[in-house]
Amino acid sequence: MNLMTLENINKSYSEKMLLENISVGINEGEKIGLIGVNGTGKSTLLKIIAGVEECDSGNITKANRVRVEYLPQNPYYDEDATVLEQVFKGTSDEMNLLGQYQEVLEKLTISYDDNLNKKLLSLQEKIDALNLWDLESEAKSVLTKLGINNFNKKIKELSGGQRKRISLASALITPCELLILDEPTNHLDNDTIDWLEDYLNSRKGSLLMITHDRYFLDRVTNRIIELDKGRLFSYEGNYSIFLEKKMERLSIESSMEDKRQNLIRTELAWVRRGAKARTTKQKARLQRFDDLVNQKTNTLDDKLDISVGSSRLGKKIIEMHNISKSFDNKILIDKLDYTLARTDRIGIIGKNGIGKSTLIKMLDGKLQPDSGNISIGETVKIGCFSQDDSHMHPDMRAIDYVKEASDYIETSDGTKITASQMCERFLFNGTMQYTLIGKLSGGERRRLHLLRTLMMAPNVLLLDEPTNDLDIETLNILEDYLDEFKGVVITVSHDRYFLDRICNKIFAYEGNGKIHIYTGNYSDYIIYKEIQGIEFEEEKKEIKTDKPVKKEKPKSDKKLKFTYNEQREFEAIDNDIEKLEQKIEALGESTSKYATDFTKLQDILNEKESLEKELEHKYERWEYLNNLADEISNSKN
């Protein structure tokens, strides 16, 4: 069943054409991911579909009784409302009814009024009739899963991230046939994103969302639509399938462009020979040549180029000596002791509000530890890409903001380029360079902030949620840059793909200010935690056992020896372990090869996990067999 159809939609702002003759249909049961470079009009398209904004021209046809729920990037909040009141401020009849109930209940808790009490009873009857108590129960359950437990707290007392999660909860529980979400994973930690994946996969109804989380797109969507230079391309399947089909499309377009260029060269040779424009046939041929030259093509995409250099880094980088930090009697960091190595690529993970950004601010010198000290080497030049963009004055031009960092920079090949040329590489053309920051989209401001950070030529990069509001193309190229970056990277991120691609160590906040350090990327960390959980459950079972298990001693009347199978296993086990280790190492190397093929990458990670479990079992057998061999040898003496 078709829920909504858009035909020939056009939308422009000033002289910039965002949407040009866009046509798309949304069907029942589809889970659609909308992707594209920042500033191409993705959020504008969502607003038009949601009915929040009007298009300049075109037609929108919506099926009867189709309800649409929309979560914008910057929702409206009633500062004096409680959490539950804010959740029930939706526009549907059900949400209005529950909203009225919460509002009356709040007033009655302040002072009793007979009229209010009668109104409350009337609302209760209506809620009973529509069986909406389950909706209120679901709201509380979803809020709890999103980390909101105090339902009566005022909105004005909450952080920006908490407010966004409340708006997300409201959108998720509102009955609708089409749910529209703009960047739903921003401000969510990894555990919450995992829960949201499961929730959306099990939810009935259609979904349309913008997100730059590639694992999230791969696991939730069954269709990808890409907005590219005002045109819309649709691909059936998840993000992995989209990558394959886009490569096919670009290959076809490239082939067509080659043919067009060959035809232009042929026609140009004919024109230069002195075409006579007296006959109708010759005039038509000249017109065809003109059309070929002026034909629009999208094969030569703008590419973001981040080939900037970095400063030399000495032996001493950053040393953290038993640093601790608390706020309002809450311990955020407790005696962290660590010395950074030149090859470190550290991912910092943990629940929201646990102190991840605090550590970044201390390393950047914006906060001081309560105890312990941080020692920084003389050659260290820190570049910090923070979440906060309040330092970006809205009335400043983009080029002036970049020049505050440096007028020119040296690229990785030693070439010096100006700030203006660097802006061009970051897709800020001549017009955009002189655009006021306040007129840039959220993603464009983030890209500009990243440019300024890299213009400083740092050798230690601190990245606080770098994937928020950056489009996938920018993320891919940032990751390529970090692969070649000859310095230290420390990043706070909830983007699991980014952590897998960049990191070789994980700093995990695990409560009470304790930060545990794990070697490997995010997937390695998850596997390690799963193994820890299994071992913990096995230990608990052993503790609960009533009777201790006695080890059977070999009977004295029987000669201690290997069984036939044990003998064969003992002879082959060293070779088996070596082969498993080589396979695991090869799979680890192939993860970078298939970094953009998420289906293949997931298969590799699953195979790697299976082999690691097999290797662990082999190690246990090796220990048992070698101990038994020693006992057999001793019994012979």
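Tutor: Gladly; below we take the labels one by one and set each value against its definition.

Student: What kind of model is this, and how are residues numbered?

Tutor: This is a predicted model, where local features need pLDDT of at least 70, side-chain atom pairs count only at pLDDT 80 or more, and totals for chains, interfaces and linings use all residues. Residues are numbered from 1 along each chain as its sequence is written, and side-chain values use heavy atoms, with hydrogens and water left out.

Student: What is the average pLDDT of the protein?

Tutor: The average is 82, and 83% of the residues score at least 70; pLDDT is the predictor's confidence in each residue, from 0 to 100. Over residues 546-558 the pLDDT is below 50, and beyond near neighbours in sequence this stretch has one contact in the model (contact means heavy atoms within 4.5 Å).

Student: How many helices and strands are there, and what makes a run count as one?

Tutor: There are 20 helices and 20 strands. Both are DSSP runs numbered from the N terminus: helices are H or I with at least four residues, strands are E with at least two.

Student: Why is strand β18 described as largely enclosed?

Tutor: Buried means under 20% relative accessible area, exposed over 50%, and partly exposed in between (1.4 Å probe, protein chains only). Five of the five residues of β18 (residues 488-492) are buried, so the rest of the structure largely encloses this strand. In a regular strand the side chains alternate between the two faces of the sheet. Here V488, I490 and V492 on one side and V489 and T491 on the other are all buried, which leaves both faces covered.

Student: How do you know that β18 pairs with β12 and β17?

Tutor: Two strands pair if DSSP finds at least two bridges between them. Four bridges join β12 (residues 345-349) to β18 in parallel, and five bridges join β17 (residues 460-464) to β18, also parallel. Both cases therefore meet the requirement of at least two. G347 stands opposite T491 of β18, while L461 stands opposite V489.

Student: What makes D114 and K118 a salt bridge?

Tutor: The rule asks for a side-chain nitrogen of Lys or Arg within 4 Å of a carboxyl oxygen of Asp or Glu. The closest N and O atoms of D114 and K118 are 3.7 Å apart, so the pair qualifies. Both residues lie in helix α4 (residues 114-130), four residues apart, about one turn of the helix. An α-helix has 3.6 residues a turn, so residues three or four places apart point the same way.

Student: Why is K118 called exposed but D114 partly exposed?

Tutor: K118 has a relative accessible area of 52%, which is over 50% and therefore exposed.

Student: How far apart are the closest N and O atoms of D334 and K514?

Tutor: They are 2.9 Å apart, and the two residues form a salt bridge. D334 in strand β11 (residues 330-339) and K514 in the loop between β19 (505-509) and β20 (515-519) are 180 residues apart. The count by this rule comes to 28 salt bridges.

Student: Why does R203 have no salt bridge?

Tutor: The nearest side chain of opposite charge, E138, is 7.5 Å away, and the rule asks for atoms within 4 Å, so no salt bridge is counted for this buried residue. R203 is found in the loop between α7 (190-202) and β7 (206-210). The side chain of R203 does reach the backbone oxygen of C176 at 3.5 Å. Leaving aside neighbours within four places in sequence, R203 is in contact with K31, L172, C176 and L179.

Definitions and conventions
Lys, Arg positive; Asp, Glu negative; His and termini not counted. Polar contact = N/O pair within 3.5 Å; in protein donor to acceptor, adjacent residues only side chain to side chain.
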